[in-house]
There are 2 protein chains.
Amino acid sequence: MSRRTSAPPRATITDVAREAGVHPSTASRALNPDTRGMVTEEVAARVGQVAERLGWRRSALAAGLRTRRSRIVGILVPDLVNPIFPPILRAAEARLAAEGYATLVANTDNDLTREHMLVARMAEHLVDGLMLASAAEGSEAVALCRRYAIPAVLVNRRLRGAGLSSVTNDDVHGIALAVAHLVGLGHRRIAHLAGPPGISTAADRRAGFRAALVRAGLDPRSAPIIAAEAYSREAGRLACARLLDAGGITAIVAANDMLALGVYEEAERRGIVVGRTLSVTGFNDMPFVDRMAPPLTTVRIQHAAMGAEAASLLLSAMAAPDAPRRSLRLRAELVVRGSTGPT
Amino acid sequence: MSRRTSAPPRATITDVAREAGVHPSTASRALNPDTRGMVTEEVAARVGQVAERLGWRRSALAAGLRTRRSRIVGILVPDLVNPIFPPILRAAEARLAAEGYATLVANTDNDLTREHMLVARMAEHLVDGLMLASAAEGSEAVALCRRYAIPAVLVNRRLRGAGLSSVTNDDVHGIALAVAHLVGLGHRRIAHLAGPPGISTAADRRAGFRAALVRAGLDPRSAPIIAAEAYSREAGRLACARLLDAGGITAIVAANDMLALGVYEEAERRGIVVGRTLSVTGFNDMPFVDRMAPPLTTVRIQHAAMGAEAASLLLSAMAAPDAPRRSLRLRAELVVRGSTGPT
DNA sequence: GCGACTTCTGCAATCGTTTGCAGACGCCCC
DNA sequence: GGGGCGTCTGCAAACGATTGCAGAAGTCGC
């Protein structure tokens with residue numbers, strides 16, 4: 001409203017053209033790397049210099065309006081504060097920035113209404129692509145992308161029938177590593193502290209857990225599985241309490257480091273020594289879990305690679321919207337520390 | 001280039017106008033909350049319905065081109081993976097989103113060239129404002145903002161003579177809390193593990209350290225101060241090694257939790273028990289430092305408030321570019337845990 | 001020396017909104 | 001009944017770039 005504009009009017013491409021003695025269209029061609037070849041070397045140089053001297057900067061708005069490409073991509077995360085997202089975002093942003101894209105970031109709070117609004121807003125800004133790190137079941141984000149014809153990829157989560165490329169961890173394999181490790185230590189009564197329902201990582205890890213037990217010759221039906229309400233410390237603690245109340249277990253495979261920390265807390269309350277009386281494994285290898293007491297045995301995933309690959313997938317999808325979808329699964333590895341020990 | 005457009009052409013305001021039997025300008029007024037009052041109730045309703053039916057979405061590009069406002073703000077951070085930034089970003093994004101702004105995020109890597117390029121890119125996108133969480137000395141970001149007439153605020157760092165609003169922690173007071181705590185425990189030979197030079201937080205905390213010693217009646221000249229090369233674990237460990245080599249100290253006030261963790265590591269290597277033989281304090285209260293071994297005594301800062309306040313300041317600056325600058329200092333509090341003990 | 005061909009530049013339309021200006025219309029009051 | 005005023009809507013010109021088309025040179029070969 002009240003933008004008291006004392007702003008020095010920015011130079012436009014028309015100014016540059018006039019100053020360089022050429023037509024704006026020629027200036028445009030000279031200034032755009034892709035079309036520079038269409039003008040004489042000499043003209044290109046002259047226009048370039050004038051542009052430099054006048055401090056000209058392309059207006060992404062005007063260019064985007066004409067070309068219908070904003071050179072912006074959006075990234076939706078549930079909650080940036082969750083430590084697994086920053087590395088993903090950082091890697092993705094780096095990759096995209098290298099290709100000349102700016103990155104719009106927004107938090108959905110796992111709130112579908114909010115998510116809807118944010119996707120719509122991004123559509124208004126004509127984002128060239130969307131990276132969805134939030135998609136839970138019930139999300140309309142995918143449908144909206146289709147409606148607005150915005151290329152999109154999923155990261156960290158899959159979604160059935162979304163018809164989108166995705167990059168995820170090999171959760172099944174990762175959990176199998178944890179289970180095999182515990183079995184190797186002699187554990188037979190192993191429980192699973194699962195993630196909240198409706199989230200693909202939770203489902204995959206739960207399935208991986210059962211499969212791994214079977215492979216180890218154990219009966220999955222006798223292995224307790226309890227789902228936490230959320231991927232949070234407190235939810236983990238509560239679920240753990242139920243697990244311990246049932247009794248009889250010597251190890252817990254948590255779906256997540258955050259949940260594993262909940263286990264630490266409940267164990268502390270009960271005077272149980274993690275790593276001795278009770279073995280615990282996490283998932284993600286968040287920063288600093290190597291300095292917990294005890295250091296957490298966990299499954300390390302490739303955060304940065306996930307972001308970078310997702311960015312690549314998105315770039316492909318933007319370049320060729322009709323190309324077939326691809327799903328990448330990134331290898332996970334077990335990091336053995338002090339929270340697991342022989343039974 | 002090859003966007004094989006099978007895209008269903010989006011409805012424009014002209015389509016809506018035609019369908020509603022009014023002129024595009026009227027439709028524009030009806031669809032814009034600020035100008036809705038200029039048209040009849042009845043027209044507004046009709047246009048609104050048609051827009052809804054046609055699935056019309058305002059093109060932020062076209063609107064921005066005309067109004068010279070993009071409704072986008074940019075946020076520059078050095079490194080999103082540094083745990084203090086996510087909460088700041090999250091709070092800022094929430095506040096800005098509520099006001100209808102989208103948020104462009106980019107990492108500078110503390111690389112001035114990169115920073116320059118990113119600010120330029122954001123200027124191309126005609127951001128309405130910029131939040132700089134990265135500004136170190138020597139940064140041209142501030143100058144660029146002035147040149148491009150982009151309202152900006154600093155967050156977490158100050159910059160002399162920048163002439164910008166800023167929101168920071170009360171570092172001096174925060175460090176004083178840590179020092180007073182240690183002195184209260186009987187420590188007299190206290191060292192400071194300072195942050196890298198050229199960064200305002202490092203300078204403020206260093207100054208706070210000296211001032212606090214004086215206030216406690218100790219001689220600051222006999223208190224060793226060594227600066228780490230960076231705010232990182234490894235840099236902290238190296239600087240700590242030099243501190244311990246010099247000998248004679250019973251406590252270390254680290255400028256940062258990350259540096260404090262470096263102290264943990266070096267202490268471990270030397271068989272020193274943190275919390276007993278050596279007391280250590282951090283700064284920031286990053287997630288999970290409460291579960292370190294030992295739990296870290298540290299100064300808690302108001303991350304979220306910082307982001308929210310910075311967003312507010314930026315909103316003010318955008319609304320009234322010529323209004324006077326304001327500097328907020330947020331109160332810090334000491335959280336006593338296991339890493340400090342009586343000498 | 002002329003036609004065909006290539007290479008470079010200019011012309012003008014276009015992307016989708018917003019907004020100053022002015023006209024139309026209805027109403028009130030003298 | 002007419003002048004004045006207020007309210008609503010239409011007109012057209014921006015905003016700053018891109019691009020299909022066409023014309024102007026210049027080149028080459030015969």
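Here are some notes on a predicted model with chains A and B, taken point by point.

1. **The sheet in chain B.** Start with the open sheet of six strands, which runs β7-β6-β8-β9-β10-β12 in chain B and has mixed pairing. The edges belong to β7 (225–227) and β12 (333–335) of chain B; each has a single partner strand, so one side of each is left without a neighbour in the sheet. Going from one strand to the next, the twist averages 20 degrees.

2. Strand β8 (residues 251–254) of chain B pairs with strand β9 (residues 279–284) of chain B in the parallel sense, over three bridges.

3. **α8 against α9 in chain B.** How do these two helices sit relative to each other? Helix α8 (residues 171–184) of chain B and helix α9 (residues 200–215) of chain B have axes that come within 8 Å and cross at roughly 45 degrees. α8(B) and α9(B) are therefore oblique to each other, and α8(B) passes α9(B) in a right-handed crossing. On the α8(B) side the contact takes in B:D171, B:V172, B:I175, B:A176, B:V179 and B:A180. They meet a set of residues in α9(B), among them B:T201, B:D204, B:R205, B:G208, B:F209 and B:L213. By type, the residues of this contact between α8(B) and α9(B) come out as 10 nonpolar, two polar and three charged.

4. **α5 against α12 in chain B.** Here is another helix pair to look at. α5(B) packs on helix α12 (residues 303–319) of chain B at an angle of about 40 degrees, and their axes are 7 Å apart. That makes α5(B) oblique to α12(B), and α5(B) passes α12(B) in a right-handed crossing. The α5(B) residues involved include B:P87, B:I88, B:L89, B:R90 and B:R95, and they meet α12(B) residues including B:H303, B:M306, B:G307 and B:S312. The contact of α5(B) with α12(B) divides into 11 nonpolar, three polar and two charged residues.

5. **Where the chains meet.** Between the chains, 48 residues of chain B are in contact with 48 residues of chain A. On the chain B side, α4 (60–67), α5 (85–98), β2 (102–107), α6 (112–124) and α11 each supply at least two residues. Which element gives the largest share of the side of chain B that touches chain A? That is α5(B), with seven residues. In makeup, the side of chain B that touches chain A has 31 nonpolar, seven polar and 10 charged residues.

6. **A buried strand in chain A.** Over in chain A, have a look at strand β5 (residues 165–169): five of its five residues are buried, so it is largely enclosed by the rest of the structure. A:S165, A:V167 and A:N169 point one way from β5(A), A:S166 and A:T168 point the other way, and all are buried. Strand β4 (residues 152–155) of chain A runs parallel to β5(A) and is joined to it by three bridges, with A:V155 opposite A:V167. β5(A) also pairs with strand β11 (residues 327–330) of chain A, in the parallel sense and over four bridges; there A:S166 stands opposite A:S327.

7. **A:W56.** This tryptophan lies in the loop between α3 (41–54) and α4 (60–67) of chain A. Is A:W56 buried or exposed? It is buried, with 20 other C-beta atoms within 10 Å. Not counting residues up to four places away in sequence, A:W56 touches A:A11, A:I13, A:V16 and A:A51.

8. **A:P224.** This proline lies in the loop between α9 (200–215) and β7 (225–227) of chain A. A:P224 has 16 C-beta neighbours inside 10 Å, so it counts as partly exposed. Leaving aside its neighbours within four places in sequence, A:P224 is in contact with A:A191, A:L243, A:A246 and A:I249. A:G247 is 23 residues from A:P224 along the chain, and their C-alpha atoms are separated by 9.7 Å.

Note on methods
Residues numbered from 1 in each chain as written. Chains lettered and ligands numbered in written order. Predicted model: local features only at pLDDT ≥ 70, side-chain atom pairs only at ≥ 80, totals over all residues. Axes fitted to C-alpha atoms, helices over the stretch in contact; angles between N-to-C directions. Parallel < 35°, antiparallel > 145°, perpendicular 65-115°, else oblique. Left-handed = near helix turned anticlockwise from the far one by under 90°. Contact = placed C-beta atoms within 7 Å. Nonpolar A, V, L, I, M, F, W, Y, C, P; charged D, E, K, R; others polar. Buried ≥ 20, exposed ≤ 12 C-beta atoms within 10 Å, placed from the backbone. Pairing = 2+ DSSP bridges.
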